[in-house]
Amino acid sequence: MSFNFPDHDPESAPKDALPALTEAEHHFGMLPNLMRKMATAPALLKGYLALGELFEQTSFSPAEQQVVLLSVSRENRCDYCMGAHSVLADMAGVPKAVTEALREGQPLPDPRLEALRRFTTAVVAARGWVDEAEVAAFQEAGYDAQQV
């Protein structure tokens, strides 16, 4: 049995979700379907947006952030997430060839972004327990310990 969460809008969402829905619409220039569904549980929506804000404060560029998110989405086989982050990748200026390669699980044409894709995929596959060789290869591509 599956449960189909409603696609809320400001009229149907729980009152506690309205500030977060407004924030999401302002941030993305539209109200993404994922946020519409998350509005069923206002704390979930607020937490998701807060985590996104924190990720945006990292030293990864907006394009690198989308490489991470698309790589995670691919590794987790989340088609819904792949679609959403493909749109966000376009908004972040990620070249179409990079987004398509990420969607297909193919190597990226940019060596630094390819190192990021490989490392992110390794982290997800190993549930965070990557070996030292993976860390070393990532750092050799120019990433630092904080980004690990």
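Me: Among contacts in the protein chain between residues at least 6 apart in sequence, what percentage join residues at least 24 apart?
Reply: That's 51%, with contact meaning heavy atoms within 4.5 Å. Bear in mind that this is a predicted model, where local features need pLDDT of at least 70, side-chain atom pairs count only at pLDDT 80 or more, and totals for chains, interfaces and linings use all residues. Residues are numbered from 1 along each chain as its sequence is written, and side-chain values use heavy atoms, leaving out hydrogens and water.

Me: What makes up the protein chain, helices or strands?
Reply: Eight helices and zero strands; these are DSSP runs, H or I of at least four residues for helices and E of at least two for strands, numbered from the N terminus.

Me: Why are helix 4 and helix 5 called roughly antiparallel?
Reply: They pack at an angle of about 165 degrees, with axes 9 Å apart. Angles over 145 degrees count as roughly antiparallel, so helix 4 and helix 5 get that label. The axes are lines fitted to C-alpha atoms over the stretch in contact, and angles run from 0 to 180 degrees between N-to-C directions.

Me: Which residues meet there?
Reply: Among them, Leu69 and Leu70 in helix 4 meet Met82 and Leu88 in helix 5.

Me: What makes a set of residues a nonpolar core?
Reply: Its members are buried Ala, Val, Leu, Ile, Met, Phe, Trp, Tyr and Cys, joined through side-chain atoms within 4.5 Å; buried means under 20% relative accessible area with a 1.4 Å probe, protein chains only. The largest one here has 16 residues, and Val67 and Leu116 are among those touching the most other members.

Note on methods. Buried < 20%, exposed > 50% of the residue type's maximum accessible area, 1.4 Å probe, protein only. Parallel < 35°, antiparallel > 145°, perpendicular 65-115°, else oblique.
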